[in-house]
Amino acid sequence: MVLRWKSLAAVLFFSLSMGAWCSSAFAQAPVRVVIVGLEHGHVAGFLQAFPKQHDVELVGIVDADAALREKYERQFHVDHGLFYSRLDDAIAARHPQALLVYTPVGEHRRVIEAAAAHGLDVMVEKPLAISFEDALAIRNAAREHHIQVLVNYETTWYASNRALYEMAEQGRLGVIRKAVIHDGHQGPQEIGVQPEFLKWLKDPAENGAGALYDFGCYGADLMTWLMHGEAPLSVTAVAHTDKPEEYAPVDDDATIILQYPHAQAVLMPSWDWTFARKDMELYGTKGYAIAVNPVEVRTRFSEQAPEHTENAAPLAPPEDSSLHYLAAVLRGQLQPRGDLTSLDTNMVVMEILAGARESARTGRTVVLHPLPQ
């Protein structure tokens, strides 16, 4: 790997930025959050990360299932007094500033509307909602009650994706003509997700679809960000079930084509990949760039020159992790407009997903219309 001087400078800048951020963060009280729901397996990652940071204080956990509460209390050695069966009880007792939502996607609207009634900001796991109608209701609640609604994607915190975005912004790739984005793994059952997680992933009434929603949202989010919030003109999708013995109610593989005025994106969400992957390829009139994994980037700018590979510069706080980001937004240090987690970006994501689901159902291309304001 070749690491150029500008990369070394970026690393130095990151170190200085991290030091300044940490000093600032330590000077402020942590943001008080309550977890709502334990059915989403990503909650385990938060509970593992929580003790290692100082931006967020976990003050409560809500789930109606006593067995799930006991499971997570035992597994992560969480104080028994933090657990509640009802959201209103947790809010009254713990006075959180925000909710972290780990329910099935089909429950997002209900939880966000409840949070809005209490004036609480929310971060949900991707995607925003189960349908475009639910997304509109969420946006209405956020506007009426002046709350932030944020959507957390793992790929938001990939330095490689940020590097590709900056190359596109700087014009180094020329005019972007095509993007190809692969997301997924061998399948939730194959990789051994928690039983409560698997149950709703296989339920279209709770997940929205199968792999098409579960992993199609990543590519839709990244492409909307790259296109500065512009929605595609049309969506064409196919979805099918290669493993009906495991996933009969939903799709386990899909391909989504997004047509823009001067570019095309091909999203490939799947529960049928040989190995887990989340990678993105951008092809422009001057060159191409590929985000191979969270840090590694491959580029090529000449037909006569070989590919070049290097690691992207680390992300600078507070945009390096979901908890840093959440704290910065709630403290008014960062405005989430047009970025990967923002509500406006994710309204377009939901329009794309709804269009893809309809296209796969009917076998026809779906023309998108401007979002209602």
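A salt bridge here is a side-chain nitrogen of Lys or Arg within 4 Å of a carboxyl oxygen of Asp or Glu. Lys and Arg count as positive and Asp and Glu as negative, while His and the chain ends are not counted. Glu-351 is buried (under 20% relative accessible area; exposed is over 50%, partly exposed in between, with a 1.4 Å probe and protein chains only), yet Glu-351 has no salt bridge.

This is a predicted model: local features need pLDDT of at least 70, side-chain atom pairs count only at pLDDT 80 or more, and totals for chains, interfaces and linings use all residues. Residues are numbered from 1 along each chain as its sequence is written, and side-chain values use heavy atoms, with hydrogens and water left out.

**Glu-351**

- Glu-351 sits in helix H15, residues 343-362. Helices (H or I, at least four residues) and strands (E, at least two) are DSSP runs, numbered from the N terminus.
- The nearest side chain of opposite charge is Arg-139, 9.0 Å away.
- Setting aside residues up to four places away in sequence, Glu-351 touches Phe-132, Ala-231, Leu-368, His-369 and Leu-371. Contact means heavy atoms within 4.5 Å.

**Helix H3**

- H3 spans residues 66-76, and its buried residues are Leu-68, Arg-69, Tyr-72 and Phe-76.
- These residues lie on the same side of H3, because they cover an arc of only 100° around the axis. The arc is that of the directions from the helix axis to the C-beta atoms.
- An α-helix has 3.6 residues a turn, so residues three or four places apart point the same way.
- The face turned away from the buried side carries exposed Ala-67 and Arg-74.
- Cover for the buried residues of H3 includes helix H2 (43-49), strand E3 (83-84) and helix H9 (195-201).
- At the start of H3, a side-chain oxygen of Asp-65 comes within 2.9 Å of the backbone nitrogen of Ala-67.
- After H3 comes His-77, with a positive phi near 55°.

- Side chains alternate along E13 (residues 296-300). Val-297 and Thr-299 point to one face and are buried.
- E12 (residues 288-291) and E13 run antiparallel, joined by four bridges. Two strands pair if DSSP finds at least two bridges between them.
- E12 and E13 form a hairpin, with four residues between them. Ala-289 stands opposite Thr-299 in E13.
- E13 also runs antiparallel to E14 (residues 308-311), again with four bridges. Arg-298 has Thr-309 in E14 as its bridge partner.

- Most residues other than glycine have a negative phi, and most peptide bonds are trans.
- Lys-126 and Pro-127 are joined by a cis peptide bond, with omega about -15°. Pro-127 lies in the loop between strand E5 (121-125) and helix H6 (132-145).
- The bond from Pro-317 to Pro-318 is also cis, with omega near 10°. Pro-318 is in the loop between E14 and helix H14 (322-330).
- His-95 has a positive phi near 50°. His-95 is in the loop between helix H4 (87-94) and strand E4 (98-101), and counts as exposed at 55% relative accessibility.
- His-228 has a positive phi of about 55°. His-228 lies in the loop between helix H12 (216-226) and strand E8 (234-240), and is exposed, with a relative accessible area of 54%.

Notes. Polar contact = N/O pair within 3.5 Å; in protein donor to acceptor, adjacent residues only side chain to side chain.
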